[in-house]
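Please consult the sequence and the coordinates before reading each solution.

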Amino acid sequence: MTSTLPPVLSIAGSDSSGGAGIQADLKTMLANGVFGMTAIAALTAQNTTGVRMVTNTPPDMLAAQIDAVFEDIPPLAVKIGMVSSVELIDVIADRLTFHKATNVVLDPVMVATSGAKLIEDDAIAALTSQLFPLATVITPNMPETQALCDLAVTQGAQPINYDNGESISTPADMTVAGHLLADHFDCAVLVKGGHGTQDASDVLVEPNGRVTWFTGHRVDNPNTHGTGCTLSSAIASHLALGEDLPTAVDHAKLYLTGALEAQLDLGHGSGPMDHAWRWR
């Protein structure tokens with residue numbers, strides 16, 4: 001008797017401490033009922049207190065990894081995480097276009113939870129011009145949304161009048177910013193509210209103008225290493241399972257909330273979550 005699982009590819013960096021990046025993606029995919037595969041874009045030396053070193057994968061090696069996966073076990077969804085150089089972004093865009101990748105979930109990782117910068121300045125413009133057009137949805141947190149809105153304004157988008165006059169801080173701001181990015185970059189945008197001060201609600205804005213809110217309570221847990229990686233991987237997993245985008249986001253958010261509520265406590269800084277919380 002044989003069986004199969006929906007395959008999903010993660011293109012991201014390796015986290016030596018196991019809480020984020022490729023390692024978190026594989027744990028998340030396993031927990032959400034799909035078969036995880038990887039194309040490693042960078043090696044990082046990091047732990048819960050910070051990132052010590054980042055070494056990018058040679059572009060031809062990244063291309064070979066992506067080709068090897070698609071040629072044998074074509075993924076039904078692709079998650080893209082930390083990609084910190086223009087050369088690697090070029091490779092990913094080229095290979096995903098060649099292989100006609102679908103259900104692409106892009107987490108525009110710019111800064112680690114610890115505060116370390118994870119992407120080169122010139123890579124942000126390449127990310128938005130080459131990978132955003134391939135994305136089904138992008139999943140920026142509030143600071144990343146702010147940076148992307150600022151970039152969009154420099155490219156001709158209308159500036160936003162935020163409620164506090166300076167930055168995204170309210171649900172109304174999140175919705176307006178989501179519309180700006182969805183219109184400007186022509187992809188769905190999940191603006192994550194975890195960096196807010198009241199709750200952990202997120203808003204999904206699609207290019208057709210549909211807005212879906214996902215309410216969430218703030219979990220009292222300082223260990224949030226890998227939350228962005230985990231959420232985006234869970235969304236990709238549920239898209240691969242055949243769910244529509246709002247349903248996939250809803251299920252992914254429920255999974256992430258459970259991982260935080262498990263209250264795993266490892267390391268001396270912002271520690272990882274328990275990706276296998278459902279089986280404890």
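**Exercise 1.** Over the ring of which residue does the charged end of Arg 95 sit, and how far is it from the centre?

*Solution.* The model is predicted: local features need pLDDT of at least 70, side-chain atom pairs count only at pLDDT 80 or more, and totals for chains, interfaces and linings use all residues. Residues are numbered from 1 along each chain as its sequence is written, and side-chain values use heavy atoms, with hydrogens and water left out. The criterion is that NZ of Lys or CZ of Arg lies within 6 Å of the ring centre and within 35 degrees of the ring normal. The ring is that of Phe 98, and the charged end of Arg 95 is 4.5 Å from its centre.

**Exercise 2.** Determine the order of the strands in the open sheet, and then examine the pairing of individual strands.

*Solution.* Helices (H or I, at least four residues) and strands (E, at least two) are DSSP runs, numbered from the N terminus. Two strands pair if DSSP finds at least two bridges between them.

1. Nine strands form the sheet, in the order β3-β2-β1-β4-β5-β6-β7-β8-β9, with mixed pairing. The edges are β3 and β9 (211–214), each of which pairs on one side only.
2. Strands β1 (residues 7–15) and β2 (residues 35–47) run parallel and are joined by nine bridges; Asp 15 stands opposite Thr 44 in β2.
3. Strands β2 and β3 (residues 50–56) run antiparallel, with six bridges. A hairpin of two residues connects them, and Asn 47 stands opposite Gly 50 in β3.
4. Three bridges pair β4 with β5 in the parallel sense; Val 78 has Val 104 in β5 as its bridge partner.

**Exercise 3.** How many aromatic pairs does the count come to? Classify each one.

*Solution.* Rings of Phe, Tyr and Trp (its six-membered ring) pair if their centres lie within 6.5 Å; planes under 30 degrees apart count as stacked, over 60 as edge-to-face and the rest as tilted.

1. The count comes to two aromatic pairs.
2. Phe 132 and Phe 185 are edge-to-face, at 5.0 Å centre to centre and 85 degrees between the planes. Phe 132 lies in the loop between α4 (121–131) and β6 (137–138) and Phe 185 in helix α6 (residues 171–185), so the pair ties together parts that are 53 residues apart in sequence.
3. Tyr 255 and Trp 277 form a tilted pair, at 6.2 Å centre to centre and 35 degrees between the planes. Tyr 255 belongs to helix α8 (residues 245–261) and Trp 277 to the segment after α8, 22 residues apart.
4. Buried means under 20% relative accessible area, exposed over 50%, and partly exposed in between (1.4 Å probe, protein chains only). Phe 132 is buried at 0%, Phe 185 is buried at 8%, Tyr 255 is buried at 0%, and Trp 277 is partly exposed at 24%.

**Exercise 4.** Which residues have the most contacts inside the largest nonpolar core?

*Solution.* Such a core is a set of buried Ala, Val, Leu, Ile, Met, Phe, Trp, Tyr and Cys residues joined through side-chain atoms within 4.5 Å.

1. The largest core has 49 residues, and those with the most contacts inside it are Ile 11, Leu 62, Ile 80 and Ile 92.
2. A second, separate core of 27 residues includes Val 34, Ala 77, Ala 188 and Ala 240.
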